[in-house]
Structures are given as structure tokens and as C-alpha cells.
Amino acid sequence: MSSALEYWPAPPPWGWTADDLDRLPPEGPNGEPDFFKHVELIDGALVFISPQKRFHQRMIRGLTAALGDLAPEQMSAVDQMDVKLGHRTRPCPDVLVVDAAAADDDEHTCYTPDEVRLVVEVVSPESEERDRKTKPARYAEAGIAHLWRVENNDGKPVVYVYELDPATCAYGLTGIHHGRLTVPVPFPIDIDLDALPR
């Protein structure tokens, strides 16, 4: 089979696949450095992630550290790792809580839904539609039990907490958290959102 990049900038005739992301070079087709560094695959389409604002970076670092401190030993918090949801969908959530055995494998380039306990998406202006609609639907279809969506409200985080309803295979909103996030699942979590490092 031909390389998918032979057809660049058009997708290959068979379409982009989740496994293609492992074969993309660090540089672009014309030698652009780090061209494919921030890319995810949504429904067979490559999505290039724009440079993020400081709020986005601050939330990723702060929540990863807080979740890492609170997680039981069989779980681990990681950031900006892909989740392979199917043959043509491989998003890159901002923060994940995964099984510790999966996190300990340094050869992983992505996780599978059965290894993921929590997905966190920090919404940016360029990713609103994906983070609010497209990606949650795909996470729910894959059976990931817990999803948080973090929004910027005048520089302060607001966390929307969702839990998967196994009867409908859709997320239900269980809470909107300002200032402090306290939830019992996927493990006891108590985070002072306003005290996350700046």
C-alpha cells in the first residue's frame, strides 16, 4: 500500500486512519518543522491544533498535577496523549486519567477506551465545536465513563462534569463547578480550581 503522504495535501484514497498518525514524520511534506506535532484525527479528517492561549496551558498543567496527586495507585494522570476510538478517530484530549499499567508503558502512542477512566477537554475558541459536540459524542460511543469540559469564564475555569448513561450510551451532565470541583467518581476528587498554579 502507498504511503498516505504521497497524496498530500489531499487525503489518501482510502482515507486517513488512526494508525497513519503513528507513521507521520515530525516534519511536514515540504520540510516544515513540527508540522504534524499537534494533529488529531476526527472522523477520518486530520485536524491541526492551533497554538493555545496561556489559560489552556495553565489548565492542562494544573489539572494534570492535581489529578496525579489524587489518583489511586492503579490510575495515572497524563496530558495530551491520543485515544484511539476507532479506525478513523483518534483525538488528543488535553488531560486523561488512565490505568497505571497503560501509563507506565513508555512505548504507547495512544490509549484505547478501555484504558481510559476520565477525559478532560479544555475549550479554546478554535475547538469549541469539537470539544462541545463532536468529541463528547465519540467518547460516549466508545464507552468512556467520565468526561469533563473546562471553559474559560473571564480567566476562571468552569468545569462541566459528565457521566455516561449506560442505557442510552450518552453523557448526562452531573454538575457545573465554579471555584471548587468536588466529585466522587472516577475516584474522590477535590480540587480548588481558583488555586491552580498560574
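Predicted model: local features only at pLDDT ≥ 70, side-chain atom pairs only at ≥ 80, totals over all residues.
## Tryptophan 16

Tryptophan 16, which is found in the segment before strand E1, counts as buried at 4% relative accessibility, where buried means under 20% relative accessible area, exposed over 50% and partly exposed in between, with a 1.4 Å probe and protein chains only. Strands (E, at least two residues) and helices (H or I, at least four) are DSSP runs numbered from the N terminus. Leaving aside neighbours within four places in sequence, tryptophan 16 is in contact (heavy atoms within 4.5 Å) with Ala4, Leu5, Trp8, Pro11, Leu24, Leu41, Gly44, Leu46 and Arg88.

Residues are numbered from 1 along each chain as its sequence is written, and side-chain values use heavy atoms, with hydrogens and water left out.

## Proline 26

Proline 26 also lies in the segment before E1, but at 58% relative accessibility proline 26 counts as exposed. Proline 26 and phenylalanine 36 are 10 residues apart in sequence and 5.8 Å apart in space, C-alpha to C-alpha. Beyond the neighbours within four places in sequence, the contacts of proline 26 are Glu32, Pro33, Asp34, Phe35 and Phe36.

## Helix H3

Helix H3 has 15 residues, 128–142, and reaches 21 Å from its first C-alpha to its last, close to the 21 Å expected at 1.5 Å a residue, the expected span being 1.5 Å times one less than the number of residues. H3 bends by about 35° at lysine 135, with proline 136 following within four residues; the bend is the angle between axes fitted to the seven residues ending there and the seven starting there. Just after H3, glycine 143 takes a positive phi of about 90°.

In H3, the buried residues are Arg130, Asp131, Lys135, Pro136, Tyr139 and Ala140. What covers them includes strands E1 (39–42), E2 (45–48), E7 (116–122), E8 (146–153), E9 (156–165) and E10 (170–178).

## The largest pocket

About 730 Å³ of space lies in the largest pocket. Of the 35 residues that line this pocket, the closest to its centre are Lys37, His38, Val39, Ile49 and Cys92. A pocket is an open set of points, on a 1 Å grid over the protein atoms alone, where a 1.4 Å probe fits, with protein on both sides within 12 Å along at least five of seven lines, and lining residues have an atom within 4 Å of a point. The volume is the space filled by probe spheres set on the points, which are joined across faces, edges and corners.

E1, helix H1 (54–70), E7 and H3 each supply at least two residues of this lining, and H3 gives the most, with 3 residues. The lining divides into 14 nonpolar, 9 polar and 12 charged residues.

## The second largest pocket and asparagine 152

The second largest pocket holds about 180 Å³ of space and is lined by 13 residues, of which Lys53, Val123, Ser124, Pro125 and Asn152 lie nearest its centre. H1, H3 and E8 each supply at least two residues of this lining.

Asparagine 152 lies in strand E8 and is partly exposed, with a relative accessible area of 40%. The C-alpha atoms of asparagine 152 and valine 39, 113 residues apart along the chain, are separated by 23 Å.

Methods
Nonpolar A, V, L, I, M, F, W, Y, C, P; charged D, E, K, R; others polar.
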